[in-house]
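Subject: Handing over a structure, with notes

Dear colleague,

I am passing this structure on to you, and I would be glad if you could look it over with the notes that follow beside you.

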Amino acid sequence: MSTHTPVDPAAIARMANRKTAKAGRTVIFRIKRCDGPGKPSYWQDFKVQVPKNANVISCLQQIALSPVTTGGQPSTPVVWESGCLEEVCGSCTMVINGSVRQSCSCLIDDYAPSEGDTLTLEPMSKFPVVRDLWVDRARLFNNLKRVKAWVPIDGTYASGSGPKESPEDQETRYVLSTCMSCGCCLEACPQFNVEADESKWNTDFIGAHAISQARLFNMHETGKRLAAERLEALSGAGGVSDCGNAQNCVKVCPKRIPLTESIAAMGRAVVFHKVKQFFNR
Amino acid sequence: MASGSTDKRVIVIGGGLAGLAATVRIAEAGIPVDLFSLVPVKRSHSVCAQGGINACNEVSRQQGYSEYEHFDETIYGGDFLADQHPVLEMANWAPRIIDLLDRMGVPFNRTAEGNRDLRLFGGSLFKRTHFAGATTGQQLIYALDEQVRRYESEGLVRKYEFWEFLWPVLTDGESAKRCAGIVAQDMRTMQIRSFRSDAVIMATGGCGLVFGKSTNSVMCTGAAAARCFKAGVFYGNPEMIQVHPTAIPGADKLRLMSESARGEGGRVWVPAIKNTDGSWGPHPRSGDDPKTIPTSERYYFLEEKYPAYGNIVPRDIATREIFDICVNHGMGVAKGNQVYLDLTHRDPEYLTRKLEGILEIYEKFVGDDPRFTPMRIFPGVHYSMGGLYTVFTKGRYEPANPLAKHKSGSRPPLGSEIGLGMQPGAMNNMMTNIEGIYAFGEVNFAYHGANRLGANALLSCIFDGLFCGVSVTNYIRDGLPGKKPASGLPGSVFDEFVNQEEAKQAKLLSTVKSGASAETNPYAIGKELGDEMTAACTVVREAGRLQQCIANIESLKGRFARLNLSDSAAWTNQSLSYTRAVGDMLSLAEAVAKGSLARRESRGAHYRSDFQQRNDAEFMKTTLTKYDPASNSVSVEFVSIDADLIAPAVRNYGKKDDSSPKAAAKPALSGV
Ligand SMILES: Cc1cc2nc3c(=O)[nH]c(=O)nc-3n(C[C@H](O)[C@H](O)[C@H](O)COP(=O)(O)OP(=O)(O)OC[C@H]3O[C@@H](n4cnc5c(N)ncnc54)[C@H](O)[C@@H]3O)c2cc1C
Ligand code: SF4
Ligand code: SF4
Ligand code: FES
């Protein structure tokens with residue numbers, strides 16, 4: 001359907017699979033598991049009989065009912081994060097058949113339409129694993145603090161309404177404001193290079209989502225009051241200039257947030273900010 | 001181990017709209033807050049709300065609407081079961097809340113001139129619903145989350161995300177027990193410890209998972225409320241559970257399908273065979289591709305039973321009829337709990353123009369394009385009007401006699417000043433029967449009576465946080481004269497409760513056995529509970545079936561006592577957490593079933609086929625349930641309500657809608 005129709009040919013091919021997928025077929029879930037931080041990862045396969053409309057979460061729930069591997073070895077329910085099951089909370093992000101996305105909106109029919117097909121589930125690779133498919137995304141939220149992603153209101157006591165806003169500005173802000181801190185953009189970003197040794201990770205880069213949030217709050221009449229501080233945060237190490245403009249982020253953002261637009265806008269704003277600072281010295 | 005801080009702190013459990021609003025309000029007063037949540041607060045269930053938030057506004061005011069009418073609609077919509085003074089205060093506050101959210105930067109939809117846009121919603125003739133795109137709840141919670149992050153940066157808020165509330169710490173107060181903190185568990189390290197605080201705000205949301213699948217998020221088990229209940233907090237109106245007529249059944253959850261699909265001409269049918277006597281019977285190929293079912297084998301049951309209004313009968317009727325076809329007659333599509341909602345006879349381009357956002361959700365999760373394939377839908381448990389029982393201090397408005405129902409356009413009897421409904425800052429506002437435990441948001445039983453109006457829930461959550469947050473502040477500052485603040489209590493007070501929780505956990509862990517049969521598998525017990533509650537305690541209720549349900553809950557309790565856990569991990573053990581929740585949900589389920597049985601009338605969302613009339617003389621009362629630890633069972637009584645402001649009237653706007661199918665066709669019906 002118009003806006004939802006993907007442009008990515010692979011996604012279009014996946015949607016075509018829906019027509020041929022037969023309910024009740026067996027699909028192998030190949031899951032990368034890990035018992036905790038510092039523990040080695042290992043793979044386990046589970047067979048699931050897939051009903052119509054099944055998604056990754058409903059299959060993980062089915063596995064939890066009776067966790068036995070394809071080899072007949074009794075196991076434990078898989079650990080993962082979930083919440084809304086409507087692709088609006090960002091919890092359930094994982095790497096499915098090699099690409100990062102929400103698992104609640106991932107229909108099995110799209111990915112594994114035939115009897116015996118395999119679906120691979122892995123935790124995101126750029127965040128430390130907590131257990132199995134659950135990773136620690138604290139960094140995402142901490143980076144929102146770095147850009148002071150809030151409107152500095154006086155307080156919560158009544159003092160009239162907010163500023164008027166044109167419908168165009170509202171639409172721009174609304175899209176930026178649908179960012180659900182899922183982490184897809186960070187997972188896809190080449191600036192987040194990870195090494196085998198977690199302690200050597202360079203986690204300075206603030207990430208596309210935070211750059212975009214800085215833009216969101218710099219657009220708001222009251223939010224603007226902190227614009228200089230946000231630009232300052234974006235101009236240092238790990239700021240907007242660290243972005244190599246690979247544009248991977250915008251391709252994987254499930255909310256279709258125009259991240260490269262935000263990065264370009266904030267890049268320009270940081271340059272202005274620096275020039276202004278230079279002349280004001 | 002108890003935390004040893006000496007200052008007075010407040011604990012907020014839950015970071016949905018209610019918990020976040022409370023946190024901001026209390027932190028702003030300079031009191032430090034410890035905020036607990038199962039998930040990062042930004043991911044709380046409140047993100048799911050799509051429709052909007054109600055408030056009187058300048059446009060509707062100039063058309064004759066008022067805060068008073070919003071109050072009146074809410075009481076009437078709730079079928080006269082809500083305590084009335086708090087509802088009055090909430091309605092009066094609503095415009096202030098919208099203004100505040102606006103100042104926080106919520107991207108409310110705008111008119112061409114730049115004012116906040118409004119939409120029509122169920123239960124009102126006036127446009128009083130504010131909205132931000134199709135994700136109002138998400139936008140509101142983000143705005144509050146951002147303000148909380150600001151206080152977190154300043155050190156006033158400490159977040160405990162991925163921490164699970166296990167039990168309230170109770171100690172001897174002046175005359176009765178009072179709350180001095182909580183026991184909680186880190187869901188990653190599995191550490192169990194206590195936290196001290198003189199006030200604990202429960203803002204833990206609804207309990208949809210008691211019914212297995214619902215429109216709620218996976219965290220909405222109701223376990224936190226159940227734990228307070230088992231610790232002695234009363235639970236009010238548990239039987240008041242709202243069911244939404246058109247949800248999309250999924251293997252994992254029921255997703256909301258807006259009622260505007262029916263408004264735009266959607267036809268509801270099931271495959272069926274017409275018997276010679278004209279009645280309909282099950283279809284042998286009812287699960288086949290609907291396009292292969294000839295017209296003569298399609299049973300358009302709403303159109304047939306309600307020729308005048310057809311598919312746009314009011315919500316509760318649609319819900320009951322769909323339920324009846326599937327559950328009582330076994331005629332659901334593929335013999336399951338689902339019927340077709342069919343738009344395929346409409347022009348696809350028209351549908352795209354009118355319903356795009358809504359149809360997109362269906363396509364995303366079901367994989368079928370509803371413009372060309374009939375949708376499968378079924379009623380879904382949606383919202384709990386009931387919750388922890390709370391009290392309040394009445395405000396200044398005390399009419400000599402309750403007034404008659406307000407007529408649109410007539411002069412409201414009073415203005416909208418603060419303090420008419422509830423006394424601002426009174427320490428007991430929305431406090432439970434246990435001193436120091438408050439309940440805000442969906443977990444609070446107040447405001448919505450027997451039925452919640454669309455777009456009133458977000459309002460009640462934020463209102464609780466802001467208005468009653470001040471009550472908590474005052475309680476913390478002045479409410480403890482002569483009592484020892486929690487920070488000064490001996491550690492043993494807390495250790496007792498930590499030990500209790502550790503013992504419970506040890507007991508569960510001792511049952512670990514892989515490959516346990518369904519009989520003792522906690523996931524199976526949880527699923528069976530959900531199926532049973534959905535079958536007996538949702539749309540249509542009746543004494544015999546309810547008694548059977550109560551007996552079945554008893555037997556599930558027995559199985560729970562013998563269960564086998566499937567994961568022994570000492571690190572991030574989600575099975576343990578889920579299993580513990582199932583045990584607590586059983587008690588909440590018992591309260592719902594026993595409340596349903598005791599309320600021998602029909603009111604709001606509660607429909608008894610054996611008592612179809614509302615009975616004000618006996619039941620215009622709050623259902624108060626109490627838990628008895630000795631017998632591990634629930635008792636029910638009825639207590640009087642505050643109905644000082646509006647006299648009960650027959651709730652018949654269903655009829656008015658009936659007589660005007662056009663009204664029902666408007667998006668006004670799409671309340672969520
Ligand atoms: C699909 C859908 C659409 C809706 N649309 C609307 C609408 O348009 N308008 C409207 O007014 N209402 C709507 N509602 C209702 C409304 O969304 C909810 O009533 C409201 O969001 C509840 O907010 P809350 O703050 O009470 O709780 P929640 O948002 O549910 O938050 C509960 C919090 O408690 C925490 N918690 C729970 N248990 C524990 C525990 N044991 N330990 C620690 N933390 C715990 C959770 O982590 C979470 O942070 C809708 C509901 C649904 C399901
Ligand atoms: S455009 Fe920048 S932020 Fe986006 S993926 Fe590329 S490097 Fe990362
Ligand atoms: S910008 Fe998009 S991909 Fe990145 S966190 Fe936000 S929603 Fe996810
Ligand atoms: S569970 Fe919320 S996005 Fe998937």
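Between chain A and chain B an area of about 6700 Å² is buried, and carbon and sulfur atoms give 53% of it. Please keep in mind throughout that this is a predicted model. The contact brings together 78 residues of chain A and 80 residues of chain B. Seven salt bridges are found across the interface of chain A and chain B, and in one of them the side chain of K253(B) meets that of E86(A), with 3.0 Å from N to O. Across the interface of chain A and chain B there are also 36 residue pairs in polar contact, counted where both residues have pLDDT 80 or more. On the side of chain A that touches chain B, at least two residues each are supplied by α1 (9-20), α2 (56-65), β6 (129-131), α4 (138-146), α5 (167-177) and α7 (208-219) of chain A. Sorted by class, the residues on that side of chain A are 36 nonpolar, 28 polar and 14 charged.

Turning to chain A by itself, you will find it divided into domain 1 (9-135) and domain 2 (138-279), and the C-alpha centres of domain 1 of chain A and domain 2 of chain A are 31 Å apart. Where these domains meet, 15 residues of domain 1 of chain A and 16 residues of domain 2 of chain A take part in the contact. About 1300 Å² is buried between domain 1 of chain A and domain 2 of chain A, with 58% of this area coming from carbon and sulfur atoms. Which three residues supply more than any others of the area that domain 1 of chain A buries against domain 2 of chain A? They are V100(A), K126(A) and F127(A), which supply 49% of that area.

The rule finds one salt bridge across the interface of domain 1 of chain A and domain 2 of chain A. A salt bridge also joins the side chains of K255(A) and E87(A), at 3.8 Å from N to O. Between domain 1 of chain A and domain 2 of chain A the count of residue pairs in polar contact is six, with both residues at pLDDT 80 or more. On the side of domain 1 of chain A that touches domain 2 of chain A, β3 (93-96) and β4 (99-102) of chain A each supply at least two residues, and β4(A) gives the most, with three residues. By class, that side of domain 1 of chain A holds eight nonpolar, four polar and three charged residues.

Chain B is divided into domain 1 (5-244 + 384-488), domain 2 (245-381) and domain 3 (492-634). The C-alpha centres of domain 1 of chain B and domain 2 of chain B lie 35 Å apart, and their contact takes 13 residues from domain 1 of chain B and 18 residues from domain 2 of chain B. Together, domain 1 of chain B and domain 2 of chain B bury about 1300 Å², with 57% of it on carbon and sulfur atoms. K213(B), T215(B) and H244(B) supply 55% of the area that domain 1 of chain B buries against domain 2 of chain B, which is more than any other three residues supply. Between domain 1 of chain B and domain 2 of chain B the count of salt bridges is zero, whereas that of residue pairs in polar contact is six, with both residues at pLDDT 80 or more. The side of domain 1 of chain B that touches domain 2 of chain B has four nonpolar, eight polar and one charged residue.

The ligands remain to be described. Around ligand 1 there are 39 residues, of which S44(B), S46(B), F165(B), E442(B) and L458(B) come nearest. A polar side-chain atom of S46(B) is 2.5 Å from an oxygen atom of ligand 1, while a polar backbone atom of F165(B) lies 2.7 Å from a nitrogen atom of ligand 1. A polar backbone atom of A18(B) lies 3.0 Å from an oxygen atom of ligand 1.

Ligand 2 has 13 residues around it, and C189(A), C243(A), A246(A), Q247(A) and C249(A) come nearest; by class, its shell has eight nonpolar, five polar and no charged residues. The residues that surround ligand 3 include C179(A), C182(A), C184(A), C185(A), H209(A) and C253(A), and the shell around ligand 3 has eight nonpolar, three polar and no charged residues.

With best wishes

Definitions and conventions
Residues are numbered from 1 along each chain as its sequence is written. Chains are lettered from A and ligands numbered from 1 in the order in which they are written. This is a predicted model: local features need pLDDT of at least 70, side-chain atom pairs count only at pLDDT 80 or more; totals for chains, interfaces and linings use all residues. Side-chain values use heavy atoms; hydrogens and water are left out. Domain bounds come from an automatic or database domain assignment. Contact means heavy atoms within 4.5 Å. Buried area is the accessible area (1.4 Å probe) that two parts lose on being put together, summed over both. A salt bridge is a side-chain nitrogen of Lys or Arg within 4 Å of a carboxyl oxygen of Asp or Glu. A polar contact is a pair of N or O atoms within 3.5 Å; within protein, one must be able to donate a hydrogen and the other to accept it, and residues adjacent in sequence count only if both atoms are side-chain atoms. Helices (H or I, at least four residues) and strands (E, at least two) are DSSP runs, numbered from the N terminus. Ala, Val, Leu, Ile, Met, Phe, Trp, Tyr, Cys and Pro count as nonpolar, Asp, Glu, Lys and Arg as charged, and the others, Gly among them, as polar. A residue is near a molecule or strand if one of its heavy atoms lies within 4 Å of it.
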